[in-house]
Amino acid sequence: KDAEVAAAKKDAEVAAAKKDAEVAAAKKDAEKYRELLLKEEQTTIDLRKQSAKHEESDLRHKAAVVAVLANRNIIEIGLKSYGKATTFTKNHQHFLSEILVNSERKLSSGPTQTLLALRNISSSTPTDRDVLKELTHFEHELSKPLHNLRTATMTHLEGVLVGGDEPLCSALAVYIAELQKLKHISLLVTVINHNYDRICSIDGGMILPR
């Protein structure tokens with residue numbers, strides 16, 4: 001009987017050791033898979049950064065010939081260069097929390113200074129709160145305005161243009177200024193209102209009066 005008990009105990013120990021080994025192997029495989037996914041993600045991010053350089057160059061050449069409305073395009077280029085994730089949405093969320101908004105969920109100092117500069121130029125510049133709200137829902141707002149813009153309405157404009165109704169117009173200015181400061185956009189960008197009137201230009205993160 002003692003022999004049977006000892007044998008059963010040994011079998012249990014062997015089974016437990018086998019299970020522990022299987023768990024350890026599964027954990028190791030999971031870690032390898034996670035490392036592979038992270039490596040693939042980083043590769044995708046790096047490729048998107050390279051793509052951003054080409055896309056900005058293409059936009060620069062195109063804008064040298066004809067005025068180009070680039071609300072979403074210019075932000076996409078900047079966020080690809082910023083490169084914290086593989087999608088527009090995730091990159092925007094990173095940029096919003098790391099650059100545009102502080103720990104108190106208010107606009108950080110850079111965007112606040114940009115809005116002050118805009119208010120010195122345009123009396124229609126919205127409040128910080130309205131711009132923050134617009135930035136929070138930014139990706140859904142980018143494609144709405146000025147999509148039916150006709151070439152005839154742009155004959156007095158040139159270069160890369162962004163804009164639309166407020167508070168989107170000011171939100172775009174804030175976003176682009178911060179991307180420029182971080183060297184993710186090198187293009188000079190002209191901000192226009194919903195009537196296609198020039199409000200200002202943004203270069204190197206600075207607001208330049210019209």
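User: Where is the place of Ile185?
Analyst: In this predicted model, Ile185 is in contact with Glu56, Ile74, Gly78, Leu179 and Gln180, once its neighbours within four places in sequence are left aside. From Leu172, Ile185 is 13 residues away in sequence and 13 Å away in space, C-alpha to C-alpha. The place of Ile185 itself is in the loop between α7 and β3.

User: Is Ile185 buried or exposed?
Analyst: A residue counts as buried under 20% relative accessible area. Ile185 has a relative accessibility of 3%, and therefore Ile185 counts as buried.

User: Lys183 has a positive phi although it is not a glycine; is Lys183 buried or exposed?
Analyst: Lys183 lies in the loop between α7 and β3, and its phi is about 65°. A residue counts as exposed over 50% relative accessible area. Because the relative accessible area of Lys183 is 72%, Lys183 is exposed.

User: In what order do the five strands form the open sheet, and which strands stand at the edges?
Analyst: The sheet is open, its pairing is mixed, and its strands follow the order β1-β2-β3-β4-β5. Each edge strand has a single partner strand, so one side of each is left without a neighbour in the sheet; the strands at the edges are β1 (68-69) and β5 (206-209).

User: How many bridges join β2 to β3?
Analyst: On one side, β2 pairs with β1 in the parallel sense over two bridges, where the bridge partner of Leu69 in β2 is Leu161. Leu161 also stands opposite Thr190 in β3. The strands β2 and β3 run parallel, and the number of bridges that join them is five.

User: How many residues of β2 are buried?
Analyst: Val160, Val162 and Gly164 point one way from β2, whereas Leu161 and Gly163 point the other way, and all are buried. The strand is therefore largely enclosed by the rest of the structure, the count of buried residues in β2 being five of the five.

User: At what angle do the axes of α2 and α7 cross?
Analyst: The two axes come within 10 Å of each other, and the crossing is left-handed. The helices α2 and α7 are therefore roughly parallel to each other, since angles under 35 degrees count as such. The axes of α2 and helix α7 (residues 168-181) cross at roughly 30°.

User: How many residues in the contact of α2 with α7 are nonpolar?
Analyst: The contact is made by Asn71, Ile74, Ile75, Gly78 and Leu79 of α2, together with Leu168, Leu172, Tyr175, Ile176 and Leu179 of α7. Two of the contact residues are polar and no residue is charged, while the nonpolar residues number eight.

User: Which residue does a cis peptide bond join to Glu166?
Analyst: The omega of this bond is about 5°. The residue lies in the loop between β2 and α7, and the partner that the cis peptide bond joins to Glu166 is Pro167.

Technical notes:
Residues are numbered from 1 along each chain as its sequence is written. This is a predicted model: local features need pLDDT of at least 70, side-chain atom pairs count only at pLDDT 80 or more; totals for chains, interfaces and linings use all residues. Side-chain values use heavy atoms; hydrogens and water are left out. Two strands pair if DSSP finds at least two bridges between them. Helices (H or I, at least four residues) and strands (E, at least two) are DSSP runs, numbered from the N terminus. Axes are lines fitted to C-alpha atoms, for helices over the stretch in contact, and angles run from 0 to 180 degrees between N-to-C directions. Angles under 35 degrees count as roughly parallel, over 145 as roughly antiparallel, 65 to 115 as roughly perpendicular and the rest as oblique. A crossing is left-handed if the near helix is turned anticlockwise from the far one by less than a right angle, and right-handed if clockwise. Contact means heavy atoms within 4.5 Å. Ala, Val, Leu, Ile, Met, Phe, Trp, Tyr, Cys and Pro count as nonpolar, Asp, Glu, Lys and Arg as charged, and the others, Gly among them, as polar. Buried means under 20% relative accessible area, exposed over 50%, partly exposed in between (1.4 Å probe, protein chains only).
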